[in-house]
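Student: I would like to learn how to read a model made of several chains. Could you take me through it step by step?

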Amino acid sequence: MNTIIETRNLTVEYKAQSRGQPKKRALKGLNLKVHQGEVFGFLGPNGAGKTTTMNVLLGFVNPTAGDAFLFEVNVREPIARQRIGYLPELTYYYKFLTAEELLRFYAKVFRIPRAEADRRIDALLKLVELEHARKRPIKTYSKGMQQRVGLAQALINNPDLLILDEPTSGLDPLGRMKVREIIQRLKNEGRTVLFSSHELGEVETVCDRVAIINEGELKVEGSVSALVEQHNTNLEQVFLKIVGYQPQEAA
Amino acid sequence: MNIVFAIAGVVIKELYRRKDFYVLFVMTAVITLAMGSVRFFNDPKIALYLKDLCLLLIWISALVIAIATTARQIPAEREARTIFPLLAKPVTRWQVILGKFLGCWAACGIALVVFYLFFGLVSASREQAWHATIFLQGMWLQWSMLAIVIALCLLGSVVFAAPSSNATICFVIVGGILVLGRHLHKLAMQQPEPLGSIVTTIYFLIPHLEWFDVKDFIVYNNDSLRFADCALASLYAGFYTTFLLVATWIVFRRKPLNT
Amino acid sequence: MDRLPQKTFEHVRKPGPYALLALLGAMAFTIGTVLQIRVAQWAGRSEPGGLLQTVLGNGRRLFANHFFVQADVYFHSGYYPSVFDAVPRNRDRSHLRQKEHDHDDQSEEPRGDAPAQDESSQHEKEMAFLREPQDWIDRFGRRFMVTSHQHLEGGKEREMLPWLKIAAELDPEQPETYLVAAYWLRDLKRTDEAEKFLREGLRHLPNSHELYFDLGTLFYEDRKNMDMAANLWELALKKWQAAESAEKKPDPLHLNQIATHLAKLEETRGNTGRAIELLVIAKKVSPHPEAVQTWIEELRKGGPRTIH
C-alpha cells in the first residue's frame, strides 16, 4: 500500500517568547504514516502538536529536525502540494472576491485549463450548495457559507489527499452531515483524508485509523475498531485514558 | 508565471474594489479643477501653477496608493489567514512576493495612466499644446520609481507586523529621499565624524528616487530627456527593485507561519 | 362627547426618527445663521476673513515667503538654489523686476531697482550655484533636474502671478510682493489689474512710499496722467520723509528715485523751481551727485538738459 503521508523523527522547536525561558518543543520525534485510501483521524488535546504537524506538512513551518513527505516528496518542495487540498479550521478568504472568482483564482494556481476549471467550479458550487451566491462577495457570506466555500476550494484540484483541520467546527448538524458525506464519497473514490477533530463521535464513525498525540509525542496509532476492542470502551474513553486524564473524585 | 499573474490579478481586483483609488482621484480632480477655476488678475492663460499643482497631487496620490496598498498585502493576508490556503497550494513564497509586487505595480500603473490622462486634459485646456515625449517620459520614470517604493514597502511588510507602522516608515523614508537624497553628500560635509561618514554611506546606498522626479521638465515644457538617461534610470530602478525583492524573499522564507 | 373612531388615525404614521433628525438639523442651521453674525461682531470684525486666514490664522505669514520664492523659481524656469546649496541667504530679488534687455537702457535714471550692466553679470554669477558634480550620483542626477538659468519671457511671466497673489494673501504687509506683481502686470499690459493690486497693497500698507511711487509711475508711464502721477510721487516723498523722521531708516536710493522722477515731471510741466528743490534733495543721496549738480545748473540757466 502506498504511503501518502510520512513523517520521520519530525521535531519542531519554537524560540522562547522571552529571554531566559527554554525553547518550546512542539513535536518530539514524531513518526507517522498514512496510507493511500485511508480516512485518518489525527487526535490530541489542545497544544498537543496536531496543528504544528499539519503546518509542517503544508510547508508553513520548517522542521527543526527530521523530515516529512507527501506522496514521497519532501514537503519542502512546493510540488508536494500539487495533489492536496487543505481546509483550514478558521476559514477566511479574500472578502472582496466572489466564490466563483476565488475558485477561478485557485484553479489558475493549479494551472487547470479554463474550460475544465469552469466545469469544476460549476460542479463544486452545486456540491456545496452555493450556486445561488456565486456572484456575491464573500464578505456577505455567513460562517457556514464561508466554510462551504473553503470546502469547495479544497476540492478544486481533485486532490488525492485532503487535509481537514476541524472541518465541522461551527457547522450545524446538516452541515456536518454534508461534510461526512463528502469525506465518505472521497474515500469511496480511493482518496486519502487526514483530518483533525475534537468531535470523537464523528471520528469514530468516519475514520479507518487514528493517531493520538500528546505533548508533541505520538501516544498511539491504529485502527479505530482495534483500539476500541483493545480498551473495551468507546473512542472518547480511549482518548482520555491515553492522554492521562484523571477524573476528579466526587466531593 | 501563471501563478504570479494570478496573484497579481487578485491584488488589482482588490485595489479597484476598495475605495482608496477613487477617493484620491476625485480629490486630485476636485482640487485641480477648483484651483483651475480661480482667475488670477483676470488672466485665463496662466497654466504653470495648475500643472505644478496637478502633478504634485498626482505624485502624492500615487505614493499613497503604492505604499498603502503594498503595506497591507502580506500582513493583511496573515491577519486574515488567507495566506494559509494560498501557501497550501503548490505556490512558493517567492511567487507570492513576486505576485504581490507585480499586482501592486500594475495597479499603480493603471492609476497613473488615469491620473496623467486627466493631467493631459487639464494641461491641454490651458496651453493648447501637448508635449507628449516629456509627458510620457515623466510617467514612465514615476512608474519606475514606484517599483522601488513598492519593493521597499514589501520588504517592510515582512519585517514589521503592523501595516500602519510599515506604511509610516515607508512614507518617512521615501519623503526623506525625495527631499534630501541629492543633498546628502553636502550635508555629510557639514557634519563631524563619524556622522559625516555615516551620512556619506547612506548617500551611496539609498535608492535615488529624486532622479525620477522630472515634474519641472513637464511644468516648464523643457525638452525631453535623453533616451539613454531614461534607459539607465530604468535599469537602475530594475536592479534596485530586484535587490529589494530578493531581500524580501530571504526574510519571508524563514518566517514560520502558524495557523 | 363622541369619541372619534379609532380607525380614523390608523393610516397616519408617527413621525419617527427621520422627522426628528430633520427638525434637529433645521434648528441647528437656523441657530447657526443667527450666531454667525453675532460671532463676527464679538471678534470686532465686520466680515469674516478669507479662506487662508481662516485655515491658517496668523501662521499664514510663515508661508508667504515660500510662495514669493516660488514666483522666483518660476521666473527662472525651475532653476533655483535649494537651502543646501551655498548661496548667500539674503538674495537681492531686484532681478524679479527687470527683463534681460533692460540692462542696456541707460537714457535716464534707472527704473525701480534695475541693476546696471555689471550687476546683471553678478546675477548670472549668483545663479551659477551648482558646483562641479562631486561623484557619479551627483553627475547622473543632474540629468533629471533643471540646470540652466533661463528667465521666463514672451508673455510667460504671467506664470509667476498666482504665487505672488497667494503670497500677498498670506502676508499682505510685504511691499515687495505688490511691486513685483505690478511690474509684470504692467509689462503684460494689464494696467488696470496692476493699479488695483497696488491700491490693495496700499490698503494694508498706507505708509509705503514704494507703493505710492510705483502707482505714480503707473499713472505717468501707462496712463499718461501727469497730475495724478505728480500727486502720488509727492505723497511718496512725504511718506519717505515721515519714515525717516520716525527713524525707520528708509532706503536713501528710494528717495533718490522719487525725487529725480518728480523733478523730471516738474521740469516737463515747467515748474523749474520745484524741480530744483527736488534735485537738491536727490543730490544728497544720489550715487551720481555730479550728474545731479549738472542738471541743477542747467535748470538754473534755463536751457535744455543734456542727457548723460
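Student: How many helices and how many strands does chain B have?

Tutor: Chain B has twelve helices and zero strands, where helices (H or I, at least four residues) and strands (E, at least two) are DSSP runs, numbered from the N terminus. Chain A, by comparison, has eight helices and ten strands. Before going on, note that this is a predicted model, in which local features need pLDDT of at least 70 and side-chain atom pairs count only at pLDDT 80 or more, while totals for chains, interfaces and linings use all residues. Residues are numbered from 1 along each chain as its sequence is written, and chains are lettered from A and ligands numbered from 1 in the order in which they are written.

Student: Which residues touch the most other members of the largest nonpolar core?

Tutor: In soluble globular proteins, nonpolar side chains tend to be buried together. A residue is buried if 20 or more other C-beta atoms lie within 10 Å of its own, exposed if 12 or fewer, and partly exposed in between, with C-beta atoms placed from the backbone. A nonpolar core is a set of buried Ala, Val, Leu, Ile, Met, Phe, Trp, Tyr and Cys residues joined through C-beta atoms within 7 Å. Here the largest one holds 212 residues, of which B:Cys108, B:Val149 and B:Ile150 touch the most other members. Leaving aside residues up to four places away in sequence, B:Cys108 touches B:Ala62, B:Ile65, B:Ala66, B:Trp143 and B:Leu146. Buried residues make up 47% of chain B and 44% of chain A.

Student: Where do the chains touch, and which pair has the most contacts?

Tutor: Two residues are in contact if their C-beta atoms, placed from the backbone, lie within 7 Å. Two pairs of chains touch, and the most contacts are between chains A and B. There, 25 residues of chain A are in contact with 22 residues of chain B, and H2(A) gives the largest share of the chain A side, four residues. That side divides into 17 nonpolar, five polar and three charged residues, where Ala, Val, Leu, Ile, Met, Phe, Trp, Tyr, Cys and Pro count as nonpolar, Asp, Glu, Lys and Arg as charged, and the others, Gly among them, as polar.

Student: How many residues of chain C are in contact with chain B?

Tutor: In this case 23 residues of chain C are in contact with 23 residues of chain B, and H6(C) gives the most to the chain C side, with four residues. Chain A and chain C do not touch, their nearest C-alpha atoms being 28 Å apart.
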